[in-house]
Amino acid sequence: MPTAIALVLSLALMPGAALAQEDPPEPEVSEEASAEQAAPLPPAVQPPLPQQATSQPASPQQAAPQQPMPQQASPQQVPPQAGVPHATVPAVPAGAPSVPGTPPSVVAPGVARPGAAAPGAATQNGPRQNGMTQNGATHSGAAPQNGARQYGAAPAVAAPGALAPNTDTRADDDNFLLLREAVRQNDAARAHALASRLPNYSLASYVDYYRLKPRLRDAAPEEIHAALQRHAGTAVAERLRADWLLELGRRRDWSSFEREMGKLARDDDLQIRCYALVARAGRGERVGAEARALLNNPPAYGEGCAALMAELAQRGELSEAELLWQLRLAGEMNATGPARRTAALLGASDTRAAQAVDVPAVALARGIGNSRAERQIYLVALGRMARTSLKLAVVALEKNAPRLSSEERAIGWANVALAASIVLSPEASAYWRRTNGAQLTNEQMQWKTRIALRNGDWKQVRSSIEAMPAALRAENAWVYWLGRAYKAEGRGDEARALFEKIAVQSHFYGQLAMEELGRMVTAPPPAAPVTAAELAQAGANPSLHRALKFYALRLRAEGNREWNWALRGMSERQLLAVGEFARRNQLLDRMVETSLRTRTELDYAQRFPAPHFEILHPTAQGLGLDKAWVYGLIRQESRFIQDARSGVGASGLMQVMPATGKWVATKIGLDNFVHDMLTDLRTNITLGANYMNMVLGNFDGSQVLATAAYNAGPGRARAWRGLLTEPMEGAVFVETIPFSETRGYVRNVMANATNYAAVFEQRPQSIKARLATVNPRSGSVLD
């Protein structure tokens with residue numbers, strides 16, 4: 001075992017398994033916590049567009065381009081850092097200094113330029129999906145037809161008593177960005193040289209942090225402690241402490257680790273939590289139960305969790321069966337490194353484990369093997385192969401079934417059934433029936449339930465959900481569907497109790513639960529306006545100013561970290577004030593994310609802004625589009641970031657792909673279209689809205705199908721619809737969309753649109769009516 005443990009730790013520290021990886025993007029508040037023949041195209045609306053001939057037009061497209069799977073969007077691509085995706089950054093407001101060093105930061109409490117949009121009711125919600133987040137740009141203040149006030153962007157103006165604007169020069173900003181890149185490259189000498197050029201930089205705490213970060217492995221504890229003391233209570237101190245804890249864990253300096261661990265404000269880093277359990281195990285504590293609850297996401301394990309598994313395996317607190325389970329999870333989640341390390345702990349070949357994940361055909365050709373670990377590696381390969389070829393996986397399993405135990409055969413069929421379910425194969429139900437005796441993974445449990453939903457088998461839906469672990473069963477989706485199963489079985493009181501648990505209108509399942517209870521989605525009364533004193537307090541917050549500086553530098557992840565740090569412990573009134581501060585600094589995404597943290601004071605003016613109404617409303621009206629749906633989609637796509645750009649090239653407010661833009665421009669007669677025009681607000685809305693109208697028309701008016709098509713492409717949505725043999729409830733169709741991102745995207749857009757409609761129309765709204773029924777394809781196709 002010691003040899004195996006040494007191998008595990010060496011694998012964990014191989015190149016690419018960085019110890020102190022760059023921080024991931026700051027998590028946002030979840031709103032759930034709280035056809036085959038061409039049909040005539042619908043009429044097109046084309047408002048006057050600016051002519052921007054800055055590049056050669058794309059070659060003509062004969063078919064509607066397939067929208068790729070969504071990726072995070074960013075107004076401009078910046079060099080990615082490890083663990084941080086391309087960030088969405090706010091555009092510098094008109095009139096802002098050319099030097100990015102002075103952010104549009106301070107705002108005057110209750111002061112706005114004449115004509116600036118005033119706070120009011122508006123529309124938006126939902127996490128990032130096809131786009132990301134941004135400052136929603138200017139809004140004329142034009143009211144929707146029902147007269148509801150809108151939140152657009154207001155200009156940033158000086159705030160009495162607020163922090164003074166910084167005096168950073170362009171050279172300072174350039175040096176800071178070079179410093180950050182040197183740290184990303186782990187170049188300590190260059191980082192030190194660049195940091196020395198920034199003695200008075202406005203982000204001095206980060207200069208200090210970047211000077212230290214590449215030297216953590218060699219730094220004396222006293223130096224780290226001094227830096228932590230200098231920046232105590234700040235986001236950068238929290239970040240430095242997390243990095244230092246990872247280094248202390250690597251050094252196995254457990255006494256220092258545990259002293260620092262108690263000072264960490266957030267206990268959400270998986271590796272640090274794993275190291276904490278290793279430290280306690282070293283003192284003789286039995287931590288196996290806590291470790292088993294923690295170790296459920298192999299792709300995130302890193303060296304810390306590898307060390308924990310090795311320690312517990314050596315102490316006998318992780319049994320062979322538990323290690324085999326970890327191997328299953330790693331295979332299912334396509335986590336090659338954890339699969340190799342777990343195989344080594346089991347005494348099996350780490351090379352064969354890697355092949356099972358990466359090249360399953362090779363692993364299957366090698367055969368089953370004799371030990372339990374070798375057979376589990378074979379079953380991992382079987383599951384990976386089933387993702388590519390169900391037929392080959394089924395043949396291989398049936399051929400080798402006699403050499404497997406009954407439990408192993410059931411696991412094999414569970415792996416096959418999962419792959420079949422994800423492609424909505426008609427055979428999926430039959431495969432699930434062959435899994436008796438297998439412990440299912442969370443993903444397998446969920447897909448077994450989804451297939452039962454598609455089949456209308458409420459008894460199976462109930463039993464599958466009741467078999468889920470408590471944490472999974474408590475998720476909003478499964479609370480709702482269990483309630484529906486109880487209702488179908490005549491257990492009305494139990495169903496109503498479950499619906500009451502989640503009946504809030506801020507998210508998809510909450511809206512569905514409300515409707516089961518006879519309630520509809522309505523716009524709440526306006527929140528009390530933010531006072532000048534409340535806004536002044538927000539405007540004086542140093543973390544928010546650091547965030548604004550980062551946004552001006554187009555460093556979105558760092559800006560969000562500082563912003564969210566500032567929100568800790570705030571009252572609901574303080575949160576609403578910060579939301580107004582965000583609006584005045586043209587950061588509608590920050591306004592929304594901040595406002596989502598309130599639980600009793602629900603300001604729909606902040607949660608659901610409707611900027612650019614003077615452009616979007618006539619465009620949607622001319623096309624006969626539901627503007628609530630359009631706003632719901634934009635909010636999900638880009639968070640109103642005008643110059644958002646995804647990793648695959650989708651651009652602007654509505655995240656239009658260049659090929660799609662060219663195709664739509666041709667269809668509506670927009671001459672001289674070039675790709676750069678996608679960043680023009682009016683052009684982007686015109687092309688995006690026309691595309692929405694086209695896919696809506698070609699999916700017989702189904703907003704569910706059209707939304708799925710906008711996200712994943714018309715071809716995929718058409719294929720999913722093509723599997724239907726009879727009409728399906730819209731909510732069931734959404735729940736069983738194969739792509740998890742598209743499934744979440746459609747849920748959020750539909751919930752967004754329902755809330756927007758409640759605001760625009762000022763009357764109760766039904767999400768079930770919006771979801772409607774999804775019918776088998778008729779005979780039209782967007783090609």
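**A walk from cavity to helices**

By class, the residues lining the largest cavity come out as three nonpolar, six polar and four charged. Here Ala, Val, Leu, Ile, Met, Phe, Trp, Tyr, Cys and Pro count as nonpolar, Asp, Glu, Lys and Arg as charged, and the others, Gly among them, as polar. Keep in mind that this is a predicted model, with local features needing pLDDT of at least 70 and side-chain atom pairs counting only at pLDDT 80 or more, while totals for chains, interfaces and linings use all residues. Residues are numbered from 1 along each chain as its sequence is written, and side-chain values use heavy atoms, with hydrogens and water left out.

Back to that cavity (a set of points on a 1 Å grid over the protein atoms alone where a 1.4 Å probe fits but cannot get out; lining residues have an atom within 4 Å of a point). Its volume is about 130 Å³, taken as the space filled by probe spheres set on the points, with grid points joined across faces, edges and corners. Of its 13 lining residues, Arg-328, Gly-331, Glu-332, Gly-383 and Asn-415 lie nearest the centre. Helix 15 gives the largest share of the lining, six residues.

Now for the largest pocket (an open set with protein on both sides within 12 Å along at least five of seven lines). This one has a volume of about 1,100 Å³ and is lined by 39 residues, with Thr-441, Asn-442, Glu-443, Gln-446 and Leu-472 nearest its centre. The lining splits into 19 nonpolar, nine polar and eleven charged residues.

Next, look at helix 4 (residues 204–212) and helix 6 (residues 235–251), whose axes come within 10 Å and cross at roughly 10°. Helices are DSSP runs (H or I, at least four residues), numbered from the N terminus; axes are lines fitted to C-alpha atoms over the stretch in contact, with angles from 0 to 180 degrees between N-to-C directions. Helix 4 and helix 6 are therefore roughly parallel to each other (angles under 35 degrees). In contact (heavy atoms within 4.5 Å) are Ser-205, Tyr-206, Tyr-209, Tyr-210 and Leu-212 of helix 4 with Ala-235, Val-236, Arg-239, Leu-240 and Asp-243 of helix 6.

Last stop: helix 33 (residues 658–668), where Thr-660, Gly-661, Lys-662, Trp-663, Val-664, Ala-665 and Ile-668 are buried (under 20% relative accessible area, 1.4 Å probe, protein chains only). Their cover includes helix 34 (681–698). Just after helix 33, Gly-669 takes a positive phi of about 80°.

Notes
Helices (H or I, at least four residues) and strands (E, at least two) are DSSP runs, numbered from the N terminus. Angles under 35 degrees count as roughly parallel, over 145 as roughly antiparallel, 65 to 115 as roughly perpendicular and the rest as oblique. Buried means under 20% relative accessible area, exposed over 50%, partly exposed in between (1.4 Å probe, protein chains only).
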